[in-house]
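Dear colleague,

Here is the structure I said I would pass on. My notes follow below it.

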Amino acid sequence: MSLPASDLTKQADHLTTMDLGAVLPATAEVREGHLFIGGVDMVELAREQGTALYVFDEADIRGRLATYRENFQSRYANSEIIYASKAFINKEMVRIVAAEGASLDVSGGGELAIALAAGFPAERVYVHGNNKTPQELEEAISAGVGRIVLDSRLELARVSEIAQRLGVVQDVYMRITPGVEADTHEYIKTGCEDSKFGFTMREDFAFNCVGDVLAAPGVNLVGLHCHIGSQIFALHSFAEAVEIMVEFIARIKERYGLEITELDIGGGVGIAYTVQDQPATIEQFAEVATEALLGSCEVHGVNPPKLLTEPGRSIVATAGVTLYTVGILKTLPGIRKYVAIDGGMSDNIRTALYHAAYEAVIANKADQPRTEIVTLAGKHCESGDAVVLDGSIQTPELGDIVCVFDTGAYCRSMSSNYNGQPRPAVVFVKDGTARVVTRRETYNDLMTCDI
Ligand SMILES: Cc1ncc(COP(=O)(O)O)c(C=O)c1O
C-alpha cells in the first residue's frame with residue numbers, strides 16, 4: 001500500500017522538543033541542544049550503540065506502574081494491576097513488573113516462556129489468546145499459572161482435559177465480549193459484537209456457557225474478563241463495559257448461585273502520541289472504573305468483586321523512543337519531502353498498518369524549532385513504509401539523529417526481520433546510566449534457525 005497523499009497545506013508547528021509535553025518520556029530534557037532521557041545523551045548513545053535503537057526511560061515505566069497501583073488501590077483496595085506484556089516484553093521488563101508488584105498478562109507460549117525465564121511467579125500470570133494451542137495450554141497449566149482466560153467453549157474442553165490429565169484444578173476466567181463500541185481504531189477494537197475474541201453475549205450465548213464451565217471437571221470459574229479495545233480516550237466506554245459485566249455477574253448469581261469474585265476489565269487508557277491528543281489520565285480512569293464497579297454492584301445487589309485491569313500501552317508507550325540516523329533526503333516539489341531513516345516498518349509497523357501518528361525531533365537539534373514538514377520514510381521495500389507521515393521536524397541533514405517518541409508499545413513486540421533487518425537493541429536509561437537489556441540482532445541471528 002502506498003502512502004496517503006501529503007497534505008501540502010500543513011504548516012510546521014515551530015515547537016521545540018520540550019514543548020511536546022505529554023508526548024515526552026518523564027525524564028526528557030534538553031542540554032546544550034541535545035535530547036537527554038534518563039540523564040543520558042541520546043546523540044552519544046546513538047553513536048555508541050548504533051541505530052535504529054529502542055530506548056526506554058526506566059523511571060517513566062516504574063512511575064506509571066506505581067501510578068496505576070496507587071490510583072486503583074487508594075480508591076478500591078481489592079484491585080490489582082496486570083501488565084499486558086504484548087505491548088513490550090523482555091526479561092528486564094518482566095523483572096521490573098515483578099519488582100513493582102504488578103501481575104503479568106501473556107498471550108501465547110512465547111511470552112509465558114520469557115516471563116518464567118525471568119523468574120516471574122507463575123501464579124501471578126494471566127493467560128490470554130483466542131486460539132491458545134493445546135501445547136501452550138499444557139505449558140501454562142503445568143507451569144501453574146494463576147488464571148487462564150477462556151476464550152471459547154472449544155478451549156474449555158481442552159483446558160478441562162489437560163487439567164484432569166495433569167491432576168490439577170485450573171482457575172479460569174471467561175472472556176466476554178460486552179458489545180461496547182469503543183471509540184478507537186477498527187483494528188484495535190475488540191469488545192464489539194463482531195469480534196474473534198471471547199464468548200459473545202448475543203442470544204445469551206455467554207450466559208448459557210457459564211453452565212458448561214461450571215460443569216466441566218478440572219476448571220474453577222473465579223472471574224470474568226472483558227477488553228473493549230486499545231488507545232481509548234472515552235472513559236464512558238469503560239464504565240459502560242463495567243456496568244454490563246456487573247449485571248452479568250448478578251444474573252450468574254441468580255441463575256447458577258455462583259458468586260463471581262474477580263472482574264478483569266482489560267487494557268488501560270490511551271496515551272498522547274501527538275501534541276493534539278488529550279487522553280484521560282490514569283487517575284481519571286481509576287476513578288471512573290472503580291465508581292462504575294461500586295455503583296453498579298450496589299444497583300444489582302452483588303458483592304463487589306476484585307477489580308483487575310491490564311494496561312500495556314499506557315505503561316510503556318511514552319517511556320520508549322526510537323533513535324534513527326538520517327541517510328537520504330529527497331524532495332519532490334509539490335508532492336512531499338522524504339527523510340529516509342535506517343529503520344522503518346521492521347521496527348515500527350504501526351504507521352504502515354494503520355497510519356499511526358507520531359511526534360519526532362532531531363536529537364542533536366533538540367533546542368531548535370521544528371520548521372519543516374517531512375515524511376520519515378523507512379528503508380524497506382514497501383512504498384507504505386514510513387514512521388511519521390507529514391510531521392513537523394527541525395531542518396534535517398544527513399547524519400542527524402532522529403528521535404521518534406512514544407514507540408515503547410506495540411513496536412518492538414510487533415517487529416520483524418523484513419528485508420533481513422536485524423532487530424535493534426533495547427537500552428534502558430536511568431540516572432545517567434544506559435544498560436543494554438536486549439542486544440542488537442546480528443546477521444548470524446537471522447540464520448540461527450536455518451538448517
Ligand atoms: C486482552 C488484552 N488485555 C490488555 C491489553 C492491553 O491494552 P492496552 O495496551 O490498550 O492497555 C490488550 C491489548 O489489546 C488485550 O488484548
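A crossing of two helices counts as right-handed if the near helix is turned clockwise from the far one by less than a right angle, and as left-handed if the turn is anticlockwise. Please keep in mind that this is a predicted model.

By that convention, helices H8 and H9 cross in the right-handed sense. H8 covers residues 235-256 and H9 covers residues 282-300; the two pack at an angle of about 30 degrees, and their axes are 9 Å apart. Angles under 35 degrees count as roughly parallel, and H8 and H9 are therefore roughly parallel to each other.

On the H8 side, the contact is made by Leu235, Phe238, Ala239, Val242, Glu243, Val246, Glu247 and Ala250. H9 contributes Gln284, Phe285, Val288, Ala289, Ala292, Leu293, Ser296, Cys297 and His300. Sorted by class, this contact has 12 nonpolar, three polar and two charged residues.

On the domains: the protein chain is divided into domain 1 (17-57 + 318-447) and domain 2 (59-316). Their C-alpha centres lie 32 Å apart. Where they meet, 29 residues of domain 1 are in contact with 20 residues of domain 2.

On the side of domain 1 that touches domain 2, strands E4 (53-57), E20 (425-430) and E21 (433-438) each supply at least two residues. E20 gives the largest share of that side, three residues.

Regards

Note on methods: Residues are numbered from 1 along each chain as its sequence is written. This is a predicted model: local features need pLDDT of at least 70, side-chain atom pairs count only at pLDDT 80 or more; totals for chains, interfaces and linings use all residues. Axes are lines fitted to C-alpha atoms, for helices over the stretch in contact, and angles run from 0 to 180 degrees between N-to-C directions. Helices (H or I, at least four residues) and strands (E, at least two) are DSSP runs, numbered from the N terminus. Angles under 35 degrees count as roughly parallel, over 145 as roughly antiparallel, 65 to 115 as roughly perpendicular and the rest as oblique. Two residues are in contact if their C-beta atoms, placed from the backbone, lie within 7 Å. Ala, Val, Leu, Ile, Met, Phe, Trp, Tyr, Cys and Pro count as nonpolar, Asp, Glu, Lys and Arg as charged, and the others, Gly among them, as polar. Domain bounds come from an automatic or database domain assignment.
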